[in-house]
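Trainee: Could you show me how to read the features of a protein model, taking one kind of feature at a time?

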Amino acid sequence: MGQYNFNGMTRRLFRFVSLAVVMASWLGTAATAQIDPRTALLEKAGWDALTAGEAQKAGENFRAALAADPRNARLHLGAGLAAYLERRDDEARMELERALALDPRLTEARAVLGQVQHRMGDVRGAISTFDLVVAGAPDDAAARATLERWRRELELHDRMQQAIGERFTVSFEGPSEEALATEALASLDRAYWRIGAILGAFPATAVPVVLYTTEQFRDVTRSPTWAAGAYDGTIRVPMRGALDNRGELDRVLAHEFTHALVRTLAARNVPTWLNEGLASALEADDLTWAGERVREAPARIPLNTLQAGFSRLDGAQAQLAYATSARAVRRMLDEAGGAAMANLLRDLGGGVDFEVAFLHRMQRPLADFE
Ligand SMILES: [Zn+2]
């Protein structure tokens, strides 16, 4: 999991923001017509790029427009949204705060700011921000539900204890889970050395991990029922019964740790099949399950249909998507090695086009590989 929670949330958020803002801003621009035509064109290009999902291009256009019109709150909102979609969270927060300083009624900016704060781990700040969003839009049931969920998350996390290791901090709810937390830390350490050695890379800072009950996990992450863990900057795992099945515990933690490591190498632009394929190929040594799943399937799934999240899939479709991704990644690792894979991820995070990076690092065209 991991990657696709974010995608789903982004899609919802983006629909909300883009419709409201594009309409309001264009009506406003047309009515007042004070902005110079070049800035207006840059702004339009920015919103068009966002609508097309081209965050990088959108950011360039908004920044160019801001150079001419730095006190335009909508331009700061656009720049903030582009940065948010590219996971440049510090910049996103700065732009959105600037937008709100210029126009405190810009509720869309406040809604995105709350999501940025939450993703940066500032749950308390996100709640304060969403208090204002809900106050400004009392009929917005989705915003209200988000606020309630974050309040439950904060309340739960406030009463959790922490086991602090050098490479991970593990939060858990009560003394009864202390043994489990110790076990999880040891398992995570094994994953850290094993998977880090394969890719020749390690996370730069300690990775936060939270152990939940099954109900808490579903509530906080809103994962599909088949998900065994999630990563959104924090590794989140439901732990009920985990000590009864150590192999499964190791597998789930290694899978989510791989997502954390991928994020270290590339904060953005990683197709879901590559991210999930790495996590599924590296979670355990044995990939027999993936071969069986693909052989049983009536048809192959092309990788380019697995760019976006898997959370929309049902259990059986998801299994096939994971199996297909895992086998593709296994073959890439066998053919090119872990260091080349790490470099491919760094290229993607740096904004290099996927097919260009693939050809360079895997030494063959993607179409040929498929
Ligand atoms: Zn995953």
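Predicted model: local features only at pLDDT ≥ 70, side-chain atom pairs only at ≥ 80, totals over all residues.

Trainee: How is the exposure of Asn269 classed?

Mentor: Exposure is read from the relative accessible area: buried means under 20%, exposed means over 50%, and partly exposed lies in between, with a 1.4 Å probe and protein chains only. Asn269 has a relative accessibility of 41% and therefore counts as partly exposed, and Arg222 is partly exposed with a relative accessible area of 41%.

Trainee: How many aromatic pairs are counted?

Mentor: A pair of aromatic rings is described by the distance of the centres and the angle of the planes. Rings of Phe, Tyr and Trp (its six-membered ring) pair if their centres lie within 6.5 Å, and planes under 30 degrees apart count as stacked, over 60 as edge-to-face and the rest as tilted. By this rule the count is 13 aromatic pairs. In one of them, Trp273 and Phe354 have ring centres 5.9 Å apart and planes at 75 degrees, so the pair is edge-to-face. This pair links distant parts of the chain, with Trp273 in helix α12 (residues 272–282) and Phe354 in helix α16 (residues 354–362), 81 residues apart. Trp273 is buried, at 2% relative accessible area, and Phe354 counts as buried at 15%.

Trainee: What kind of aromatic pair do Phe354 and Phe358 form?

Mentor: Phe354 and Phe358 form a tilted pair, 5.9 Å centre to centre and with 40 degrees between the planes. They are separated by about one helical turn, because they are 4 residues apart in helix α16. Elsewhere, Phe168, Tyr192, Trp193, Phe202 and Phe257 form one aromatic cluster.

Trainee: Which residue lies over the face of Tyr192?

Mentor: A charge sits over a ring if NZ of Lys or CZ of Arg is within 6 Å of the ring centre and within 35 degrees of the ring normal. Arg167 lies over the face of Tyr192, at 5.4 Å from the ring centre, and Arg119 lies over the face of Tyr84, at 4.2 Å.

Trainee: In what order do the strands form the sheet?

Mentor: Strands of a sheet pair through backbone hydrogen bonds, either parallel or antiparallel; here two strands count as paired if DSSP finds at least two bridges between them. The open sheet has 5 strands in the order β1-β2-β3-β5-β4, with mixed pairing. β1 and β4 stand at the edges with a single partner strand each, so one side of each is left without a neighbour in the sheet. Strand β1 (residues 161–164) is antiparallel to β2 and joined to it by 4 bridges, and the two form a hairpin with 3 residues between them. β2 runs parallel to strand β3 (residues 207–212), again with 4 bridges. Between β2 and β3 the chain passes through helix α9 (residues 178–199) in a left-handed β-α-β crossover; a crossover is right-handed if, with the strands pointing away from the viewer, the path from the first strand over the helix to the second runs clockwise.

Trainee: Which residues of β2 lie on one side, and which on the other?

Mentor: In a regular strand the side chains alternate between the two faces of the sheet. In β2, Phe168, Val170 and Phe172 lie on one side and Thr169 and Ser171 on the other, and all are buried.

Trainee: Leaving aside its neighbours within four places in sequence, with which residues is Thr129 in contact?

Mentor: Contact means heavy atoms within 4.5 Å. With those neighbours left aside, Thr129 is in contact with Arg110, Leu113, Gly114 and Gln117. Thr129 is in helix α7 (residues 123–136) and counts as buried at 9% relative accessibility.

Terms used. Residues numbered from 1 in each chain as written. Heavy atoms only, no water.
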